[in-house]
Amino acid sequence: MAHGGEHVLKVGNEGREVFWNAPYEGILFFFTAIALVIFAYGIYRRWQMWKAIGLPENRTDNAGERFKALIMNGLFQVKTFREAYPGIFHGLIFFGFLVLIFGAAIDATQFHIGLPFFHGGFYLWFSLIMEIFGLAVLIGIVMAIMRRYIFKPDFLGYKGVPDNRPDDAIVLVGIGAIIVTGFIIEALRLHVNINVDGFTWGDWSFVGYALSKTLAGVSYDTTRILHKITWWVHSFITLGLIAYLPFSRLLHIFTTPANYYMKNLEPTGTLKPIADFENAESFGAGQLEDFTWKQIFDSEACTRCGRCQDGCPAYISGKPLSPKKVIQDIKTYWLERAPSVLAAGKKTKEGEEAAIPEPDKAMVGEVIDLHELWACTNCMYCMEHCPALIEHVPKIVQMRQYKVLMEADFSPELQLTYRNMENNSNPWGIGAHMRGDWAKDLGIKTLAEDPDVEYLFYVGCSGSFDDRGKKVSVAFAKILKEAGVSFGILGEEEGCCGDSAMRGGNEYLYQTLAQMNIETMNGYGVKKVVCTCPHGYNALKKDYRHFGGNFEVFHHTEILADLIAKGKIKLTKPVEGLFTYHDSCFLGRYNDIYNQPRQVLGAVPGMRMVEMKSNRAKSFCCGAGGARMWMEEDIGERINDMRTDQAIDVKADTIAVGCPFCLTMMSDGIKDREKEENMKAFDIAEIVWQSMAVEKETDAGTPPE
Amino acid sequence: MNIVVCVKQVPDTEALIKVKADGSGIDEGGIKWVMNPYDEFGVEEALKLKEKNGGDVTIVSVGPARALETIRTALAMGAEKGIHINDPALEGADAYTTASALAAAIKEIPHDIVFCGMRAIDDDAGQVGSILAELLGIPQVTVVTKLEVADGKATAVKAIEGAQLVIETSLPCVITAAKGLNEPRYASLPGIMKAKKKPVDVKDAAALGISVAAKAKIVKMMPPPERAPGKIVGGEEAAEKAAQLVKLLREEAKVI
Ligand code: SF4
Ligand code: SF4
């Protein structure tokens, strides 16, 4: 096939020649080979590094489900589209490139093998599609550049300081340049065609055509030279980016989909229990080596998109914690450490003596600051919204485990809490014998008195000991009685669920507590459990199964919604006011319970509802999860106050909650904001009881006025 | 530096205390037993001194089988070994007998400092530390809130009404620990696991060669009288409530 020459007509709707005017195929292949070698080396090197550090973990079982995650998030970009602006520009670039690469493949096939249909109408349509998607990529890139360099949202940086690296610019400009030079090449090609008789196909390549009009008056020869130059520039940038890919943020093209495939298939928020306390030598993660390879690989999938940070209550309230920073700090540390570990491993393989170098700093304390570590409320916002399916929370908990179990170095308030839980099985340290006192005059039987009931009402510590929480227990128990539900409590035999111990890193205490509860419950043959506290609910439902506790666990809002739907309870008495529902993290993001509480509230006559700015999956934590309930909050603003402000902003007069921790936090927030006169916080059970027109001797729940 | 800490196992402060029907003691059913908090300050101080100066920390406790748990708690915090004086004859022993048991055990081992809690929160007697010092024939400083040990001397700070005493004493000595001396540490998990394997010598009165004849005995234990429930003064207006209150104070409480 002759290249170049004067046969311009061949580049029209007859199809085009790939190497029109650029007859140095050999040179191009040479550079392509170099680029591919660099690319391959980069990937190989990275692969070695991925394997260098970390404990084993199986993330390739259950291929079907994994493949589904890959397709949904990789091909259909489901998580990425959750945020409009970045979703759109990423979609434009992603789908644009997908089509362009496909197109390039057709182009190449046509060149080498020849495609019989690659001319005429097909070619015109092909041109149009390539044109559209090329433009899409360009728009995407412009949007991305504008966001990063003009809008500068805080989530792309940290605490107001942008985190724009040369790599970001290289990639954005590089991709943009590929597209722009592509269009210029096209324009130049069209320019020589414009004067050809019967030229009608310009509009099929509308961008290039528009561009070609600016070339009016440029001579044929000049056009050829320009074309040649641009063509090579285009090719070199493309090859350059391919070679650069493994060393750049573009690596996420591979690592992020890999992370989709290797996603955690366990229920949201479950933490892998420590298996053997007696024989393990270390607990939790004090060093990179204590993480699994997958936990380290996570940081390779992170694109610094900042979505996790953008909704992190700790970050927003001014704590040093940013989930993005945690992941990136782990990555930076890994990048420092992996090469030397790798080198040592290689030497040992070659028969030389080479000890793996000791870490030169403490991961927990130096790489990850302790204030960051302890600021996390385990609210799950980061994991829920991370488009790369990165798992921040387990890493944080494991690092806490190291501090608590190995070093016993943690805040005195939390030490006291744990002692209280050890001695009296509740965080306040109130005498364990008083656990069932709230139910004394209500005629509620314990399972010891009558084990033959449908539900165990697991009351939890707040519901048993906290004055406010007790009112919720009373209200809920009265509703159950009224509805004729068969239930009992454990009374004195109940113990703390251990959630705060687990999330605060005291896995040993947690397991001790869990095992005691499980033993008691299994002893009574408990099958169904209902909890008013989402922390107990989540622990009993998802974590107790690791220790032989297999129960069907319900949250009281689920039961209430069901009782209302079935007509077992009638809400007749109007409860006036503007209500807003605060999604508890352990109900919403952890357990997908968003609708039931709203359904229950919706069934209350007279009630008007309004949503806060952050709701449902984007709900803003109350600040009490992850054992934060028991710790001082002395950095930045108080999370509960910030949440209360959201309720104040929508002029709600009642904050409805489904969690005793949230109830405390919201009540405190209302106090802090001096709104006690016109604002209140209630558990949904209290509101329901209030709305049930039952003859009430003494009122159980403090009724909304 | 060899340090000895005497610890006592006591009911948790929050435990529900029921006096036995015959008044001979408390009903131990359902009670959560813990280390006497003042003794914990002693353990912590001993561990700190050990970490600074080297040496061993030995825990000594008089009590029934369950007291071993408390010894293990101290071992988990970091002490090296334990001596468990377990003899049914010592059950409910008075301060003097307890102190002589402790003294007999401590005499046999090297001791530069002996720590006791200033008192045990169960019987609140506050005598054992002092009697122990006498029996060992060494100086004592009681109710100590700050301690420094250097050059064979201990300098202890003791808070008294409106002032602080700084007391210097030679070693060996007995120090009784008060709140404020330190913040007892939380045992690490490896510490807890190791504690299970640390040596604990069990001794009885015969082995120690002590007399178990009590010098004082509890005649009778009685629960405090039940508190009458409080009363909320009713009435709509403040004036009405006040009138009610006056009436109640005069007629029922008879205080005005
Ligand atoms: S779980 Fe919540 S508080 Fe913790 S890092 Fe993630 S977003 Fe922040
Ligand atoms: S961890 Fe996930 S959400 Fe956070 S910056 Fe990285 S990719 Fe984005």
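What follows is a short exchange on the terms and the values behind them.

Modeller: This is a predicted model, in which local features need pLDDT of at least 70, side-chain atom pairs count only at pLDDT 80 or more, and totals for chains, interfaces and linings use all residues. Residues are numbered from 1 along each chain as its sequence is written, chains are lettered from A and ligands numbered from 1 in the order in which they are written, and side-chain values use heavy atoms, with hydrogens and water left out.

Colleague: Why is A:Ser462 called buried?

Modeller: Buried means under 20% relative accessible area, exposed over 50%, and partly exposed in between, with a 1.4 Å probe and protein chains only. A:Ser462 has 6%, so it is buried. This residue is found in helix H17 (residues 460-465) of chain A; helices are DSSP runs of H or I of at least four residues, numbered from the N terminus.

Colleague: What does A:Ser462 touch?

Modeller: Leaving out residues up to four places away in sequence, A:Ser462 touches A:Trp428, A:Gly469, A:Lys470, A:Pro660 and A:Phe661. Contact here means heavy atoms within 4.5 Å.

Colleague: What makes A:Phe277 and A:Tyr508 an aromatic pair, and of which kind?

Modeller: Rings of Phe, Tyr and Trp (its six-membered ring) pair if their centres lie within 6.5 Å; planes under 30 degrees apart count as stacked, over 60 as edge-to-face and the rest as tilted. By this rule there are 30 aromatic pairs over all chains. For A:Phe277 and A:Tyr508 the values are 5.2 Å centre to centre and 80 degrees between the planes, and the pair is edge-to-face. It links distant parts of the chain, 231 residues apart: A:Phe277 is in the loop between helix H8 (252-261) and helix H9 (293-301) of chain A, and A:Tyr508 is in helix H20 (residues 507-523) of chain A.

Colleague: Is A:Phe277 buried or exposed?

Modeller: A:Phe277 has 9% relative accessibility and therefore counts as buried. A:Tyr508, at 24%, is partly exposed.

Colleague: How do you know that A:Lys159 lies over the face of A:Tyr315?

Modeller: A charge sits over a ring if NZ of Lys or CZ of Arg is within 6 Å of the ring centre and within 35 degrees of the ring normal. A:Lys159 is at 4.4 Å from the ring centre of A:Tyr315. A:Lys325 lies over the face of A:Tyr158 as well, at 5.5 Å from the ring centre.

Terms used. Helices (H or I, at least four residues) and strands (E, at least two) are DSSP runs, numbered from the N terminus.
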